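Here is a colleague's note on the two-chain model. Please read the points below beside the coordinates.

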Amino acid sequence: MTNPRLSAVLKDTQFWVPVAVLVAGLLVLWWIR
Amino acid sequence: MDPLDAGRLRRLQLAGIASGFTAGAWLGAAEAPTKMVTLGLSPVVISLAMVVGVFLARWSLPALLRGTSAIRADVRQAPHLIVWAVLAGCLWAVANTLTVYAIRDIGLSIAFPLWNANSLLGILWGAVFFNELRGAAWTRLLGVLGGAAVMFAGATLLAVASSTQAPAGHAARGVAAALAAGALWGTMYIPYRKAYLSGMNPLAFVTFFTVGELGMMLSLALGGSGGLSGLVTQLSAARDVLFWLMLGGFVWVLGDLFQQYAAKYVGISRGIPLSNTNQLWGLAWGLLVFGELRGHAAATYGQVIGGSLLMALGAVAIALASATGAEHIRWQEAAERERARYGIDPAYVRAALAGEGTGGPSRQRTWLDWTLVVGATAVFVAFGFIARVPNLALSWGWVVPLTLAMLVLLFGTGWLLWRTTRFN
């Protein structure tokens, strides 16, 4: 992947919504196990 | 971007809606093999075995349907989507593991509608991020929102009806797990929609999706089993049922492929509720084939029938509220935003939104495609040979018509998709 595209991914606010939900999901999993 | 011809848009919407219903049938049936598993297996092992089946299916089916050369061509157009696909795979793996815990703690019948609330989240993300339902007439808006609400009410009624079978467990933990799974699955559609607005073919997307899925699942399994030796010991102890779990994963992939096409052609606000009719199919398998709820009071059956009717009614309302030209123009605006942000070829994005190819490489299969197909089949056959047939009372008289109905949907919708989009 070219750097401008990776940089565009990281600057895309829509990218951080699923990342935040994934982290929250991992925390719930860690809590219930 | 020029507006899409009204006739073409109608045909694409029809293909998307049929894909949503077919996804429901196959995603619901994916639960059937997992019911054959002897209880007592670790949730992580169950989820990992399913993901292995998913992985094999997701590398072999796209190779068979489209060929790896077409997938490579897709990735060259929008390589950044690999990051999104891997992220979506990670979300799926964590959600699937959470559902196994939820089923263990509060039972499938309560957990299912809770995580199916993902459709409400899908509508929210679709409207906020991808212009879905913008520019839609109020009747269509009402059809989608009202349909989703009615489906949710039906799902809850089904949960109440079968709650008598819920295992005694840790209710709070189970509810938290099911709701978290719904949040993860509802959010997973952000990468799906992103990919399809940008032009990626669903068959290419799922190939990379599954890398994130298997990677995340292996990490969870290794962490939860005390390392590699612990995991191998657990898998070895479960070897005679691994086939059924992998089969569940395989059936799930067939449903998910249609779900991807639904997300592409009718958007996530309509695609997710339609594929959530999987609860009806899961219930049909449970009631008719596995004899669940047998001997319960007539009121319970009344709730089951009422809940099922509500779900079906909601799904029909959503199916009838498909996107029109005005809304599709707003989708095109969202696609143009993606194209500009990531520097994608405009012709590629336009062709994908219209369900057309871009004149890429021919669909001839290579030795790599056949190696993937034969290899995946061989692994399934090998696990099939060492599988133990569980001692379950099944109503075979119902297995045949349900399977036939699924096959009719599979080939009927597959044909419609091929005729309308050539699987683009």
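1. The contact between the chains takes 18 residues from chain A and 26 residues from chain B. Two residues are in contact if their C-beta atoms, placed from the backbone, lie within 7 Å. On the chain B side, α5, α9 and α16 (325–342) each supply at least two residues. Helices here are DSSP runs (H or I, at least four residues), strands are E runs of at least two, and both are numbered from the N terminus. The largest share of that side, ten residues, comes from α9(B). By class, the side of chain B that touches chain A has 18 nonpolar, five polar and three charged residues. Ala, Val, Leu, Ile, Met, Phe, Trp, Tyr, Cys and Pro count as nonpolar, Asp, Glu, Lys and Arg as charged, and the others, Gly among them, as polar.

2. A word on provenance. This is a predicted model: local features need pLDDT of at least 70, side-chain atom pairs count only at pLDDT 80 or more, and totals for chains, interfaces and linings use all residues. Residues are numbered from 1 along each chain as its sequence is written, while chains are lettered from A and ligands numbered from 1 in the order in which they are written.

3. Chain A has two helices and zero strands. Its C-alpha atoms fill a box of roughly 40 × 15 × 5 Å along the principal axes. Of its 33 residues, 21% count as buried. Buried means that 20 or more other C-beta atoms lie within 10 Å of the residue's own; exposed means 12 or fewer, and partly exposed is in between, with C-beta atoms placed from the backbone.

4. Helix α2 of chain A covers residues 13–32, which is 20 residues. At 1.5 Å a residue the helix should span 28 Å, and its end C-alpha atoms are 30 Å apart, which agrees. The expected span is 1.5 Å times one less than the number of residues.

5. Which residues of α2(A) are buried? They are P18(A), V21(A), L22(A), G25(A), V28(A), L29(A) and I32(A). These cover an arc of only 120° around the axis, which puts them on the same side of α2(A). The arc is that of the directions from the helix axis to the C-beta atoms. On the other side, T13(A), W16(A), A20(A), V23(A), L27(A), W30(A) and W31(A) are exposed. The buried residues of α2(A) pack against α5 (81–106) and α9 (171–198) of chain B.

6. Chain B has 19 helices and zero strands. Its C-alpha trace spans about 60 × 50 × 40 Å along the principal axes. With 424 residues, a compact globule would have a radius of gyration near 22 Å; chain B has 21 Å, which agrees. That radius is taken over C-alpha atoms, and the globule rule is 2.2 Å times the number of residues to the power 0.38. In chain B, 56% of the residues count as buried.

7. Back to α9(B). Its 28 residues should span 40 Å at 1.5 Å a residue, and the end C-alpha atoms are 42 Å apart, which agrees. Of the 28 residues, 23 are buried, so α9(B) is largely enclosed by the rest of the structure. G199(B) follows this helix, with a positive phi near 115°.

8. The largest nonpolar core has 147 residues. Such a core is a set of buried Ala, Val, Leu, Ile, Met, Phe, Trp, Tyr and Cys residues joined through C-beta atoms within 7 Å. Those with the most contacts inside it are L91(B), V94(B), L98(B), A177(B), A181(B) and L184(B). Leaving aside neighbours within four places in sequence, L98(B) is in contact with G25(A), V28(A), L29(A), A177(B), A180(B) and A181(B).

9. Please check two backbone angles. N131(B) is not a glycine, yet its phi is positive, near 60°. N131(B) lies in the loop between α7 (118–130) and α8 of chain B, and counts as buried with 21 C-beta neighbours inside 10 Å. R422(B), also not a glycine, has a positive phi of about 55°. R422(B) sits in the segment after α19 (396–421) of chain B, and counts as exposed with 12 C-beta neighbours inside 10 Å.
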